[in-house]
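Q: Please show me the model, and let us read some of its features together.

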Amino acid sequence: MTRNHVPIIQFVGAARTVTGSKTLLDLPHGKVLVDAGLFQGRKELRLANWDGFPIEPSELDAIVLTHAHIDHCGYLPRLVKMGFEGPVYCTPGTLALAKIVLPDSAHLQEEEAAFANRMGFSKHRPAQPLYTAAQAQASLEMLRPVEYGAPTTVHAGLEVTWRRAGHILGAAWLRADLRDAQTTVVFSGDLGRPTHPLFLPPDPIDHADVVVVESTYGDTEHLDSDPDDVIARVVNDAARCGGVVVIPAFAVDRTEVVLWHLDRLMAQGRVPQIPVIVDSPMANRALEFYRAEALRGSPEIRPEYHGRELFPALDVQQTTSSDDSKALNTRRGPMVIVSASGMATGGRVVHHLANRLGDSRNTVLLAGFQAPGTRGDQLRSGATKLKLLGQYLPVRAKVVSVELSSHADRSELLDWIRTADYPQMVYVNHGEADAADSLVEAVERELGIAAVAPCAGERLRVNGHRSARGPEGR
Ligand SMILES: [Zn+2]
């Protein structure tokens with residue numbers, strides 16, 4: 001096995017795009033991958049999941065995860081399939097959520113392959129899943145929980161500390177201390193908003209020589225407008241005309257934030273008590289975890305929710321089987337169906353859209369980021385027809401967008417970087433090219449720190465950034 005003498009950071013995924021987070025630390029004493037995310041969204045991105053990995057996965061000494069969203073951990077079973085043998089370090093919350101999302105992801109991969117085989121869609125015969133349920137299970141057995149704030153030796157030359165990111169339960173930004181290079185690299189993972197209704201804000205950075213920061217909203221300020229007004233209008237409209245509100249929501253966290261708003265509106269009497277159905281096995285399991293974490297008083301959750309039931313004003317109906325889900329097809333409105341996936345790229349929401357898009361009484365409420373080319377993006381852009389389940393269907397339902405992002409916006413990203421003492425370089429990743437370039441420009445102009453949005457596969461030396469005004473210099 002060859003070892004570099006120069007510490008290298010390599011931007012394997014999420015470079016000038018928003019999914020597929022994978023950053024390799026190729027260090028003198030070992031190789032560690034920060035996040036192992038799937039590419040999602042456009043077909044050419046999804047196909048990139050089938051590309052090779054820049055090194056033999058068996059050469060990886062460890063993987064460290066920031067959080068359990070699939071675009072940060074969903075490639076793990078693929079690496080296991082290709083020979084990675086562990087370990088994988090993450091927070092206990094990420095471990096718990098990975099047990100929910102990875103088997104589900106494997107199930108979707110297997111289902112898609114089986115569906116393509118039945119319908120003759122695939123160019124490959126027979127179509128293969130990216131990975132199997134057994135490989136997802138094997139990757140779960142490699143997970144090692146580490147607490148927030150506890151420096152953990154990942155291998156001889158690298159100590160990593162997980163800090164609160166306020167993005168989803170278990171989410172962390174990582175402080176990676178490269179001992180040989182005497183360099184501290186901070187990885188934002190996905191950074192939450194200080195205003196998340198359930199979570200405490202992200203921890204400040206303190207010392208960093210290099211900051212690798214996401215830029216999902218690197219060119220955007222979230223609107224100040226109150227999402228409650230938009231949601232109330234949509235729900236009241238559905239209640240009046242017997243319509244169905246279909247909300248494609250990321251199963252983890254977005255579902256809870258949607259429920260938090262509906263709960264508040266119903267408690268305040270601003271909308272009538274119409275049924276709210278959560279129709280996603282993964283979202284339902286994540287919902288149980290959120291409820292349990294609030295009850296036990298998780299240090300990530302705002303103290304006002306400790307020891308209490310989340311969403312007390314809502315009668316949330318949770319489907320338990322695919323028959324329950326299918327039964328919704330013939331159920332009349334008014335009702336709200338919250339279902340995954342969040343960009344309508346797969347999952348049960350695809351069936352609900354196929355079933356409800358043709359009726360002008362219904363509304364599709366888009367509640368978050370819609371990657372270019374996804375069905376959610378097409379709907380938001382005013383598509384008059386949508387390809388679902390192998391056919392084009394007319395869009396007669398209303399389409400409304402609401403800002404419920406669990407990602408920091410441009411100002412919030414800059415504010416968080418400001419909490420770092422004297423970084424010498426900011427690498428901007430995890431954003432579409434325009435968003436990444438825009439944040440690069442803002443970091444240089446507003447913070448006076450050199451910044452770059454690296455290209456996919458780019459390898460850069462990560463020593464020599466030690467700040468003269470670092471801890472010893474102060
Ligand atoms: Zn995320």
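This is a predicted model: local features need pLDDT of at least 70, side-chain atom pairs count only at pLDDT 80 or more; totals for chains, interfaces and linings use all residues.

A: Residues are numbered from 1 along each chain as its sequence is written.

Q: What does "buried" mean?
A: A residue is buried if 20 or more other C-beta atoms, placed from the backbone, lie within 10 Å of its own; 12 or fewer makes it exposed, and in between it is partly exposed. In strand 2 (residues 22-27), six of six residues are buried.

Q: Which strands does strand 2 pair with, and what counts as pairing?
A: Strands (E, at least two residues) and helices (H or I, at least four) are DSSP runs numbered from the N terminus. Two strands pair if DSSP finds at least two bridges between them. Strand 1 (residues 8-13) runs antiparallel to strand 2, with five bridges, and Q10 has L24 as its bridge partner. Strand 3 (residues 30-34) is also antiparallel to strand 2, over five bridges; there L24 stands opposite L33. A hairpin of two residues links strand 2 to strand 3.

Q: How are two packed helices described?
A: By the angle between their axes and the distance between the axes. Axes are lines fitted to C-alpha atoms, for helices over the stretch in contact, and angles run from 0 to 180 degrees between N-to-C directions. Helix 6 (residues 227-241) packs on helix 7 (residues 254-267) at about 75 degrees, with axes 10 Å apart. Helix 6 is therefore roughly perpendicular to helix 7 (65 to 115 degrees; under 35 is roughly parallel, over 145 roughly antiparallel, the rest oblique).
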